[in-house]
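User: I am new to this structure. Please take a close look at one part and walk me through its surroundings.

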Amino acid sequence: MSPAEAVAVLAAGIGAGTINTIVGSGTLITFPVLLAVGLPPVTANVSNALGLVPGSVTGAIGYRRELAGQRARLVRLGLVGLVGGFSGAVLLVTLPSKAFDAIVPVLIGAALVLVVVQPRLGRALQARRDRTGADTPAHGGPALVLGMLLASMYGGYFGAAQGVLYLSLMGLLLDETLQRINGLKNVLAAIVNGVAALFFVFVAPMNWAAVALIAAGATIGGLIGARVGRRLPPTALRALIVVVGIAAIVQLLLK
């Protein structure tokens, strides 16, 4: 890797760490850069997964205030993320890449629709609960567990727009503000990426120079993203999620 390529990978890591903390989809920045500097697709994917873990950690630390009071929820969904992330990593090394190509843009598109309609749909669901006397499940109920399991499997497999999927699911099924959900999303992303990366270390080829550069950049980006993201009002954050998600769909369809 030349000095110029190293700088490009480092810069991509900063960008990915920043956008991952605020929304997700940082892989759409780093993965093409790793391919451009000559890494094979599988090596680029697994090196990227490991390199982005520190950025998820610093992003989660930056959102620590929003995580207050969510320990039980985090433990429950964290266990789901562990299972899903490991399963997705196993699928990556056993299934052809085309297995997910057709469904991923559809998943992201559906997630964006949920993000847009979530406030209205959430009010409708709450009104229905009020009429029936039903309580809102504190941790989202079985529907959230199943949805997060599938989203985490996808995250362990590739991870582009993983954060968008998380935000849409939790935004719909949890009675929480978008910022508190975003903090939860950052911790879950760190868990999923971490378990997938640990698996990849033993079974897939790594480019350790790329891992180190992305990790350094993502660590910085995670801190930047937390500072910026926590200041965004819900409407602006929702708009950013939609923009990033659309960009993810376009890039996935054109690759």
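Analyst: Leaving aside residues up to four places away in sequence, Gly222 touches Gly17, Thr18, Thr21, Gly55, Thr58 and Gly59. The model is predicted. Gly222 sits in helix H11, residues 208–229. Is Gly222 buried or exposed? Its relative accessibility is 0%, so Gly222 counts as buried, the cut-off being under 20%. Gly13 lies 209 residues away from Gly222 along the chain. Yet their C-alpha atoms are separated by 9.6 Å.

Next, the cavity. The structure holds one of 30 Å³ or more. The volume of the largest cavity is about 250 Å³. Its lining takes in 26 residues. Asn20, Thr27, Gly159, Gln162 and Asn193 lie nearest the centre. Helices H1 (3–22), H3 (41–51), H4 (53–62), H8 (141–157), H9 (162–173) and H10 each give two or more residues to this lining. H10 supplies the largest share, six residues. By type, the lining divides into 18 polar residues, seven nonpolar and one charged.

Now the nonpolar core. The largest one has 55 residues. Leu144, Met148, Met170, Phe200 and Ile241 touch the most other members. Helix H10, residues 178–203, gives the most to this core, with nine residues. Take Met148 up close. Apart from residues up to four places away in sequence, Met148 touches Leu77, Val80, Tyr166, Leu169, Met170 and Leu188.

Technical notes
Residues are numbered from 1 along each chain as its sequence is written. This is a predicted model: local features need pLDDT of at least 70, side-chain atom pairs count only at pLDDT 80 or more; totals for chains, interfaces and linings use all residues. Side-chain values use heavy atoms; hydrogens and water are left out. A nonpolar core is a set of buried Ala, Val, Leu, Ile, Met, Phe, Trp, Tyr and Cys residues joined through side-chain atoms within 4.5 Å. Buried means under 20% relative accessible area, exposed over 50%, partly exposed in between (1.4 Å probe, protein chains only). Helices (H or I, at least four residues) and strands (E, at least two) are DSSP runs, numbered from the N terminus. Contact means heavy atoms within 4.5 Å. On a 1 Å grid over the protein atoms alone, a cavity is a set of points where a 1.4 Å probe fits but cannot get out, and a pocket is an open set with protein on both sides within 12 Å along at least five of seven lines; lining residues have an atom within 4 Å of a point. Grid points are joined across faces, edges and corners, and a volume is the space filled by probe spheres set on the points. Ala, Val, Leu, Ile, Met, Phe, Trp, Tyr, Cys and Pro count as nonpolar, Asp, Glu, Lys and Arg as charged, and the others, Gly among them, as polar.
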